[in-house]
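Trainee: I have a model open and want to learn how to read its features. Can we go through them one by one?

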Amino acid sequence: MNTATKLSGFALGLAAVFGAAYGIGHVAGPVAPTAETRHDATDAGHGDQGHTGGADAHLPGGLLVSERGYTLQPTAAPDGQFAFRITGPDGRPVARYEVAHDKRMHLIVARRDLSGFRHVHPELADDGTWRVASPLAGPGVWRAFADFTPTGGEPLTLGVDVTVPGTLAARPLPAPATSTTVDGYAVTLTGAPEPGRTSRLTLSVSRDGRPVTDLQPYLGAYGHLVALRQGDLAYLHVHPEGTPGDGRTPAGPAVTFAAEVPSAGAYRLYLDFRHGDAVHTAEFTVVAGDQAAPAPTAPATTTTPTPDAGHGTPGHGHS
Ligand SMILES: [Cu+2]
């Protein structure tokens, strides 16, 4: 067997494993049974658009800048703004979107080192441009995810890198933990994600030692959970079990999610919840599968994206 044959055999093996493991990319609400979502390791490449909002049903969401004819394009914007458009299969900016979770567009950003997470909701102009006060809070290479459903199409999450010039001290991924604090709230996590199968993750919110039992609905739920995979920022957006006002879902302190991560490895979880008329984001590092600890992320050096007047500032496109 020559080297090329060996290599392609190896690649095929990998493709089959990945095809099976990546059955779910974008998990919305209670997930479908595992058997249903990972059935087709053998027909990878069909682009089955029927389930998941991720790539071609075998990739997690957010890894591609262009998919099924839709492309995410950052565009020029004044300082302090971030602007982009989605072009459709006809090459024109998409102007019509479905409302999902109260909004037609969810824009999520995080630096490549998984710091700086923000989840915001841009406004759509008549020309198909989405604009929002820039959520890019400082220097670094950011991943921007546009999570949307074009009218007449399937849910999609596209991702693009945006560089904000300046000096960024490299930062390792925080160690795995099951409790954290944010804005005076303590949040604990029970349950652990397991690759390739649905796991229940329960997040509990307390304040001053007392459970919070009057969480406020935010975008139609008591919590939104985004998971980003260390290494490539594969994106999962999970909604909790139960809906506010359904008569059986308590307003805290616990919010439970059914999540399926696509592979072993480290993930950063971001829980958005609303209380006291403000949205708070609790962050956790978790490790799925049989790994003791996340691989080190950042070199012990400082990155300095090249300052380049007029280019690379938030919201400035390069076209
Ligand atoms: Cu949103």
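Trainee: In what order do the four strands of the open sheet lie?

Mentor: Strands are DSSP runs of E, at least two residues, numbered from the N terminus. Two strands pair if DSSP finds at least two bridges between them. Here the order is β5-β4-β8-β9, with antiparallel pairing. β5 and β9 (156-164) are the edge strands, each pairing on one side only. From one strand to the next, the twist averages 20°, taken between lines fitted to C-alpha atoms, with angles from 0 to 180 degrees between N-to-C directions. This is a predicted model: local features need pLDDT of at least 70, side-chain atom pairs pLDDT 80 or more, while totals for chains, interfaces and linings use all residues. Residues are numbered from 1 along each chain as its sequence is written, and side-chain values use heavy atoms, without hydrogens and water.

Trainee: How many bridges join β8 to β9?

Mentor: Nine bridges join β8 (residues 140-148) to β9.

Trainee: Which residues are the protein donors of the copper ion?

Mentor: Donors are N, O and S atoms within 2.8 Å of the metal (3.2 Å for Na, K and Ca); water is not among the atoms, so sites may look incomplete. In this model the donors are His106 (ND1), His119 (NE2) and His121 (NE2), 1.7 to 2.0 Å from the copper ion. Their sequence spacing reads H-x12-H-x1-H. His106 sits in strand β4 (residues 105-111), and His121 in the loop between β5 (118-120) and β6 (123-124), 15 residues apart.

Trainee: Is His121 buried or exposed?

Mentor: Buried means under 20% relative accessible area, exposed over 50%, partly exposed in between (1.4 Å probe, protein chains only). His121 has 19%, so His121 counts as buried. His106 is buried at 2%.

Trainee: How many salt bridges does a search of the whole structure find?

Mentor: A salt bridge puts a side-chain nitrogen of Lys or Arg within 4 Å of a carboxyl oxygen of Asp or Glu. The search finds ten. Among them, Arg112 pairs with Asp161, closest N and O atoms 2.9 Å apart. Arg112 lies in the loop between β4 and β5, Asp161 in strand β9, 49 residues apart. Arg112 is partly exposed at 31%, and Asp161 is partly exposed at 38%. Another joins Asp232 to Arg229 at 2.7 Å, N to O. Asp232 is partly exposed at 25%, whereas Arg229 is buried at 7%. Shared partners join Arg112, Arg143 and Asp161 into one network.
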